[in-house]
Amino acid sequence: ATVQGKGAADELIRALDRLEGVEEVDAVIIGRGGGESRDLSAFNDEALVRRVAEMTKPVISAVGHDIDYTLTDLGADMRAPTPSAAAELAVSDAGQLVERLDKLKRELTTGAELAIGRCQNRLHRLDVTRHDPLRGIEASRVRLDRAIEAVEDSCGQALRHAGDRLARAASVFDRLDPLHRIEVARFKLATLLGGVEGGVARQLGEASRRFELAGAGLEKLSPRAVLGRGYAIVRDAEGAVVRDASTRSPGDRLDVTVARGALECEVKEVKKGREAG
């Protein structure tokens, strides 16, 4: 695929679509060599980043040099500083594996040769004039069988070690599986939501208690509570509250509101100043 210029992002998306359908592909590396920021712009394309994040196969993003960062680095399962480093992450060192197999082969060959040599020495030391040759041969056969068993045990141990290494490698790829990462993220999200719900419930409870206390305080300060203690509210014909007796004259009509009901009154006499007490 083209890695820069017009249409590069679309070509990269089509290449990922093709690789998604190839069963033999175990992992995908998307990358290119270094360059200026505008040369790497295809790897910041939204559609390409979304396609990288949606891949069911593990994706390693390796764009540019170690100092270069693109959005595909965030959408991929793993980031490598360079394309060559991505190859080292995805594939084990074949040379080391071959060297390990050669070493095991040499150890198995040496063990078998030593066992056969010991059996041959024992055969040569047999005194055929003093012992029954058949008995000596049978004893040698037993020792040879034991030597073969020892070699087989050694081979089995080597195979078990190789199996353990294969299992560990499979475990690493399992951890790179996007589905596994999604399950881990889902568990973390559920834990966070549980904490948020608990915090919201506590805050609502505290707010409800404060609301009840505020309601009780307002009730004490309400006009109805004041009227219940024997006070009254006096209004003139226009509904204005009368606070000063000197503003009224005999014959004025007033509405007096008490705790239960209201009274319609007529002023007969106005007492001013302290006389009102």
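Is I148 buried, exposed or partly exposed? In this predicted model, I148 counts as partly exposed, because its relative accessibility is 40% and the partly exposed class lies between under 20% for buried and over 50% for exposed.

**View 1. The nonpolar surface patch that includes I148.** I148 is located in helix α6, which covers residues 133-176.

**View 2. The open sheet of strands β1, β2 and β3.** The 3 strands are arranged in the order β1-β2-β3, and their pairing is parallel. Strands β1 (28-32) and β3 (78-79) stand at the edges; each has a single partner strand, so one side of each has no neighbour in the sheet.

**View 3. The pairing of β1 with β2.** Strand β2 comprises residues 59-63 and pairs with β1 in the parallel sense over 5 bridges. Within this pairing, A62 in β2 is the bridge partner of G31.

**View 4. The cysteines C119 and C265.** C119 is buried, because its relative accessible area of 9% falls under the 20% limit. C265, by contrast, counts as partly exposed at 31% relative accessibility. How many disulfides does a search of the whole structure find? The search finds 0 disulfides. A disulfide is a covalent bond that joins the sulfur atoms of two cysteines.

Key. Residues are numbered from 1 along each chain as its sequence is written. This is a predicted model: local features need pLDDT of at least 70, side-chain atom pairs count only at pLDDT 80 or more; totals for chains, interfaces and linings use all residues. Side-chain values use heavy atoms; hydrogens and water are left out. Patches are made of residues with over 30% relative accessible area and no salt bridge: like charges are joined within 9 Å, nonpolar side chains (Val, Leu, Ile, Met, Phe, Trp, Tyr) within 5 Å. Accessible areas come from the Shrake-Rupley method with a 1.4 Å probe; for residues, only the protein chains shown count as cover. A salt bridge is a side-chain nitrogen of Lys or Arg within 4 Å of a carboxyl oxygen of Asp or Glu. Helices (H or I, at least four residues) and strands (E, at least two) are DSSP runs, numbered from the N terminus. Buried means under 20% relative accessible area, exposed over 50%, partly exposed in between (1.4 Å probe, protein chains only). A disulfide is a pair of cysteine sulfur atoms within 2.5 Å. Two strands pair if DSSP finds at least two bridges between them.
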